[in-house]
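Let's take a walk through this protein together, one stop at a time. Keep the picture open while you read.

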Amino acid sequence: LERAKGIDKNTFLYKVYVIRMNNDKTKSHISISLESIINDPNHEDNILLHEYDIVRVLSLDDFSDDFSVSVEGSVRLPGSFDFGVGMNLQDLLLQAGGLTQQAEGSRIEVSRIMEYDINFNKLKPVRAVIKTINIGQDLILSADAKKFKLQPLDQVFVRHNPSFKDP
């Protein structure tokens, strides 16, 4: 592992997995404590690798959640977008290519399915429409609406104005 430069500050030292091909072509799964081997090279977990062994070293990053928010409806590029703390509704709408003409005079609904506690990096289930925003003429949103803070997994739906007629 050291020759492969596979150990750094983000390496998950508690478990490394070796998947070994047995003589009968079945596979064995061997769990090893890398931390124990580093602290004591004679530790029983310091095994000899065999040809065709697959070594899976995890990173602390493997245990981090990547959050997203989604927008659907009358936007140019509907879909999911990476969430970042401080992201607001205007940020999401701009990343989605902006509102389409069909949204003029309609509304935006923000549904929150999880409440995010930034201090503990925890999500708590909540399912509710927490904000309804009217879209003005010329696709104008109020300053407060533009600054509305999003949370992880928020779902934004931009309604189509049923009175809209294609030009």
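Is Phe12 buried or exposed? Before you look, bear in mind that this is a predicted model. Phe12 counts as buried, because its relative accessibility is 17% and the cut-off for buried is under 20%. Now find Tyr14, which counts as partly exposed at 48% relative accessibility. These two residues belong together: the structure holds one aromatic pair, and Phe12 and Tyr14 are the ones that form it. A pair of aromatic rings is described by the distance of the centres and the angle of the planes. Here the centres are 5.3 Å apart and the planes make an angle of 70°. That makes the pair edge-to-face, because planes over 60 degrees apart get that label.

Next, have a look at strand S1, which covers residues 11-21. Strand S1 runs antiparallel to strand S2, residues 27-32, and six bridges join the two. If you want one of these contacts to look for, Met21 has Lys27 in S2 as its bridge partner. The two strands make a hairpin with five residues between them. In that hairpin, Lys25 takes a positive phi near 70°.

Follow the chain past S2 and you come to Ser33, in the loop between S2 and H1. Ser33 counts as buried, since its relative accessibility is 14%. Asp45 is twelve residues away from Ser33 along the chain, and the C-alpha atoms of the two are separated by 6.4 Å.

Time for some charged residues. Side chains of opposite charge can pair when their charged atoms come close. How many salt bridges does a search of the whole structure find? It finds four. In one of them, the side chains of Asp53 and Arg20 meet at 2.7 Å, N to O. Arg20 sits in strand S1, while Asp53 lies in the loop between helix H1 (34-39) and strand S3 (54-59), so the pair ties together parts that are 33 residues apart in sequence. Both Asp53 and Arg20 are buried.

Another salt bridge joins Glu109 and Arg159, with the closest N and O atoms 2.8 Å apart. This pair also links distant parts of the chain: Glu109 is in strand S6 (residues 107-117) and Arg159 is in the segment after strand S8 (155-158), 50 residues apart. Glu109 is buried, with a relative accessible area of 13%, whereas Arg159 is partly exposed, with 29%.

Strand S6 comes up again with Arg112, which links to Asp154 in the loop between helix H3 (143-146) and S8, 42 residues apart. The side chains of Asp154 and Arg112 meet in a salt bridge of 2.7 Å, N to O, and both residues are buried. There's a network to spot as well: salt bridges that share partners join Arg107, Glu109 and Arg159.

Our last stop is about empty space. Rolling a probe the size of a water molecule over the atoms shows where empty space is left. The second largest pocket has a volume of about 160 Å³. Which helix gives the most to the lining of this pocket? That is helix H2 (residues 89-95), with three residues. The residues lining the pocket include Gln90, Leu93, Leu94, Leu139 and Lys146. Sorted by class, the lining has five nonpolar, two polar and one charged residues.

Methods
Residues numbered from 1 in each chain as written. Predicted model: local features only at pLDDT ≥ 70, side-chain atom pairs only at ≥ 80, totals over all residues. Heavy atoms only, no water. 1 Å grid on protein atoms, 1.4 Å probe; cavity = no way out; pocket = protein on both sides within 12 Å on 5 of 7 lines; lining within 4 Å. Points joined across faces, edges and corners; volume = space filled by probe spheres on them. Helix = DSSP H or I, 4+ residues; strand = E, 2+ residues; numbered from the N terminus. Nonpolar A, V, L, I, M, F, W, Y, C, P; charged D, E, K, R; others polar. Phe/Tyr/Trp six-rings, centres within 6.5 Å; stacked < 30°, edge-to-face > 60°. Buried < 20%, exposed > 50% of the residue type's maximum accessible area, 1.4 Å probe, protein only. Pairing = 2+ DSSP bridges.
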